[in-house]
Amino acid sequence: MDWFSISSGALYTAFILYLIATFFFGATIKDKKTTHKGKSGTIGIALTIAGLIAQLVYFITRWIASGHAPVSNMFEFVTSFGMGLVLAFLILYFIYRITVLGLFALPIAMILIAYASMFPTEIAPLVPSLKSHWLYIHVTTVSLGNAILAVSFVSGLIFLIRQIDQTVKNKKNIWLELIIYSLFLFIGFIVISSVFNATNYEAVYGYQYNDKSYQSTYHMPPIAGPHNGEILTPGAMKPLFEAPSWMHGKDAGQKLNTIIWSIMAGTLIYGIVRLVLRKRVGAAIQPYLNKTNPDMLDEVTYRAVTIGFPVFTLGGLIFAAIWAQIAWDRFWGWDPKEVWALITWFFYAAFLHLRLSRGWHGEKSAWLAVGGFAIIMFNIIVVNLVLAGLHSYA
Amino acid sequence: MKHIKCECGHVNPEGTVLCEACGKPIEGNQHIDGNDRKKLLNMRYEGSARRSQTYNKSIIDKIWSFFSSVKVGVWLIVIALVASAIGTIYPQKMYIPADAISRDPSIFYEETYGLTGKIFYQLGFHVLYSSWWYMLLIALIGVSLVICSLDRFVPLYKALKRQKAKRHPSFLERQRLFSQTDHVTDGEKEQVIQALKKQKYKVRHEEGHILAEKGRFSRWGPYVNHIGLIIILLAALLRTSSFMYIDEYVWVREGEQTVIDGTDSQFYIENKEFILETYDENDERFAEAIKKQGAIPSNFQTNVIIYKAKEQEVPGQELELEVYDEAEIYMNHPYKFEGYTLYQAGYQLNEFTTMTFAVTDINNNEQIDQFMIDLTNPQETYELNDGFRVMISEYYPEYYMSDNGPDSRTDNTKNPAFVFAVSTPDSEGAEVSFVGDYMNTPTNFDATGENDYRVELIDAEMHNVSGLTVRRDYTLPLFGLGAAIFMIGVMQGMYWQHRRIWVNVKGDGVLLAGHTNKNWFGLKKDIEKVISDTSINQVIDQQELD
């Protein structure tokens, strides 16, 4: 066994442990005793800790295998974000002892890890600009900061599912359902990527961009082809339509194609779930959250932000600036990633100031926590894949 | 100034909402913090008298009130947030890619993104972060930071300093955590004091009334972190001066010696060698990635010699240089000297340094002569043997065929091409031939087809060019200081809480109340421990979620 296989195995083990732990957290919902931890809660936490240790093994062995901290591309970064989320959940669990947090935090961590695994997972060497100790100092701190802030999303989401009136269709529960639906889109992406990976689908299309020729390798059948593209793989299917010309950048058509497939798969899965449940997913979960204490959830939302905000500032702005000064000769350069880190920071600064005012506790805070998480995910996914800048290491 | 005397005897400044000493709500001022509409008291600034809430007559009062509002501050943050996001829709001007249709913003945005790109450019969003209105926005946030902090810090500091252990019952009843117990023994009170001390509370004991307090310093966290932010904004302001901040870029060829811009001609640099290394494709660890992505660079490095100009004793004296230092500059490893920093920032590979041509008689294949063109300094004419002469009538350092005929992309000698005019001793006119484009389609073109002599490339020397950024930034320590103070302040405010527990005597029993600026859960647990094994009632959480 080499280090690389050990590391892959350990990540897989971690994933399975989180999955089992989720079921145990699920069982705590039915516990009669809500104030004190029942048996299933304890087992759930033990499994979570075991999973985190397994993921640490993944992290360390992959570090040994590659010779650099495994936080240098999309797969590695999002995986470490998932790991951070588990750690952050444990921190807040040991402060507040709320097991229901785990029931939502672990699936989200699993979605993140699975999502990450859809990107190239082989070990790539570091390009010169990344060769620095600041790589792991900066990235792990940002990951952890983002992850702690993400716990506020978890508790905010639970708060909303518990509190939003589901008796009649209204604006609020439609918005809440949209949030849940967007989680299904991630699942859709994971499922559809896995399906086509398993079938080994591959087709190459050539296209022109800025008077130069490029090639895109499609791993999913082309619904959307590259703009002005041509088929290079003999016998490959003709795209149903071409990506519009205003979509720019390398592989724009391929990315659009992936998004279309993910939306189709996610919508299909969501549709099946809705058919089975015969009500909004939020409405179906709501009765199980009766015993959770909304004040406590609100407290966790706020506390996660107060803990995560300084960590994020340190990693995402200060360490980032120090490294940028060393590597790129300027500590701040308005690169899209930097701007979105600033936006995240502005957002949570606004959140913290709003908490000082009356009327922003409870539901409004919960909505804000969801919005903050959307910004974080935007910075991790959209900025890397769409708004290409200096940070596009995906 | 009108002072307000409370029934406890304490004299409060005008505008006070809750008596600084006993906390009794002061009649007529309750609307200020919205206490008149709620059961619970608004405890944010201890009900202290804030300038912004007290004076609203002069224009200065109004400006002060405007900027001291948290609401205004939050709006400014939100506007800055939205503006920042807009700037990332399309690349900023400095990030227009090198391979773009055009690097001229007036062309690039419209050509690449169509109408929305044109609008983006015309609104000036391509330089959004240096626009006057964005800077004004940040400056307004700075003003808001200063005024908000001053408006609150001073009265809050005074109020916390003047607080007494004995509080007015109406103050205690209207705290979020409150309980009343009718009979409590002295022994139990003593037990409570011990328990509070055990939990590291600072206990004040006045006439039987108890005030236990911890973490008051966390209340100063916001003001400390705001000071940090203000220092950062001041540093950014200072950075606009060229004394504090120099930003230059030097291109230097291998073997070339040139002045380092921005150093007042005090320092010169020689590029010994530019090195570009790639990862070994046979390295097992990375083989798969390299197969997928192609060669992956592992190092960009320039080895340099730095020279210092000797002081000139007589003006106009010839420049004398002495070796100052030698250095290896690579990514993440800049070179620092005398306040300046040099960064490996760019490179050009394989530019031509010299090209040697031979002139041959086509008829008998005999070589007449050779000449060498130094591309850094090409001559107009080259005199050859036997009265032959070559003139350069056109020179394209980076040749390409544009819509309007031959042209040069840049001045970099990446793909030179020439139009030579060869004049022979025996004829009056000159033969014209086009020679070049060796990097793409080597061409030796004779427009008339009647030339007797051919100009051929027989040798060339190439070099690499390094791009180095020159920086001098005296504001960095100030930014560092601001960031450090911000971090201290934000941790002080976020990781500690100001908790207070009051146990006031009422008849035979006590009134118990608690307040914290955050983490109520923790405070409740503290109180639970404090009153365990006593008959004192656990506090009730009277929180009003709205």
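## A buried serine in chain B

Ser68(B) is buried, with a relative accessible area of 2%. Buried means under 20% relative accessible area, exposed over 50%, and partly exposed in between (1.4 Å probe, protein chains only). Ser68(B) sits in the loop between helix 2 (59–67) and helix 3 (70–86) of chain B. Helices are DSSP runs (H or I, at least four residues), numbered from the N terminus. Ser144(B) is 76 residues away along the chain, yet the two C-alpha atoms are separated by 6.2 Å.

## Model basis

This is a predicted model: local features need pLDDT of at least 70, side-chain atom pairs count only at pLDDT 80 or more, and totals for chains, interfaces and linings use all residues. Residues are numbered from 1 along each chain as its sequence is written, chains are lettered from A and ligands numbered from 1 in written order, and side-chain values use heavy atoms, without hydrogens and water.

## Positive patch

Arg97(A), Lys198(B), Lys525(B) and Lys529(B) form a positive surface patch. Patch residues have over 30% relative accessible area and no salt bridge, with like charges joined within 9 Å. A salt bridge puts a side-chain nitrogen of Lys or Arg within 4 Å of a carboxyl oxygen of Asp or Glu.

Lys198(B) belongs to helix 7 (residues 186–198) of chain B. Lys198(B) counts as exposed because its relative accessibility is 74%.

## Domains

Chain A has domain 1 (3–166 + 280–385) and domain 2 (200–261). Their C-alpha centres lie 33 Å apart. Domain bounds come from an automatic or database assignment.

Chain B splits into domain 1 (50–159), domain 2 (166–215 + 497–544), domain 3 (245–349 + 468–484) and domain 4 (352–460). The C-alpha centres of domain 1 and domain 4 of chain B are 57 Å apart.

Key:
Patch = residues over 30% accessible without salt bridge, like charges linked within 9 Å, V, L, I, M, F, W, Y side chains within 5 Å. Areas by Shrake-Rupley, 256 points an atom, 1.4 Å probe, with all protein chains shown as cover. Lys, Arg positive; Asp, Glu negative; His and termini not counted. Charge placed at Lys NZ, Arg CZ, Asp CG, Glu CD. Helix = DSSP H or I, 4+ residues; strand = E, 2+ residues; numbered from the N terminus.
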